[in-house]
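Visitor: Could you walk me through this model? I'd like to start with the packing and then look at charges.

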Amino acid sequence: MNQLLQVLILSAFFLLVFAMGELAYRFLNVKAEYTRKWSHIASGLLALLFPYFLNSLLWVAVICTLFVLVLSVSKSAGFLPSIHAIERKTFGSVLFPLAVVMSYAAY
């Protein structure tokens, strides 16, 4: 399968993870702490698939960079409260994707 298509499919699954967290936050009144944890765990499990579907560190870096941008813009614009509506200051939006890239590179 084409690498670009695999990147798009994996990215769609990441967006699905965020959407599920957002739906739980908005409609089931699940606290942001829990929806954020859901996003971390599910995203981490998806990232474990990278070595099986992606054969280049560049594609992993592209996906992670795009999600850093999505998370940064969503925080500035007030979107995705299921991830951002927490009391403490965090850096997970940057550190998590960085850890994914570093883990892939070490693989």
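Visitor: Leaving aside its neighbours within four places in sequence, which residues is I63 in contact with?

Guide: Apart from neighbours within four places in sequence, I63 is in contact with V7, L10, S11, F14, F50 and L54, where contact means heavy atoms within 4.5 Å. This is a predicted model, in which local features need pLDDT of at least 70 and side-chain atom pairs count only at pLDDT 80 or more, whereas totals for chains, interfaces and linings use all residues. Residues are numbered from 1 along each chain as its sequence is written, and side-chain values use heavy atoms, with hydrogens and water left out.

Visitor: And which residues of the largest nonpolar core touch the most other members?

Guide: That core has 20 residues, of which F14, F50, L54, V60, I63 and V100 touch the most other members. A nonpolar core here is a set of buried Ala, Val, Leu, Ile, Met, Phe, Trp, Tyr and Cys residues joined through side-chain atoms within 4.5 Å, and buried means under 20% relative accessible area, with exposed over 50% and partly exposed in between (1.4 Å probe, protein chains only).

Visitor: OK, charges now: how many salt bridges does a search of the whole structure find?

Guide: The search finds two, a salt bridge being a side-chain nitrogen of Lys or Arg within 4 Å of a carboxyl oxygen of Asp or Glu. In one of them the side chains of E22 and R26 meet at 2.7 Å, N to O, and R88 also forms a salt bridge with E33, with the closest N and O atoms 3.3 Å apart.

Visitor: What parts does the R88 and E33 pair tie together?

Guide: R88 lies in the loop between α5 (81-84) and α6, and E33 in helix α2, so the pair ties together parts that are 55 residues apart in sequence. Helices are DSSP runs (H or I, at least four residues), numbered from the N terminus.

Visitor: Switching to T35, where is it, and what lies 2.5 Å from a polar atom of its side chain?

Guide: T35 sits in helix α2, residues 32-47, and is buried, with a relative accessible area of 2%. The backbone oxygen of S82 lies 2.5 Å from a polar atom of the T35 side chain.

How values were computed:
Helix = DSSP H or I, 4+ residues; strand = E, 2+ residues; numbered from the N terminus. Polar contact = N/O pair within 3.5 Å; in protein donor to acceptor, adjacent residues only side chain to side chain.
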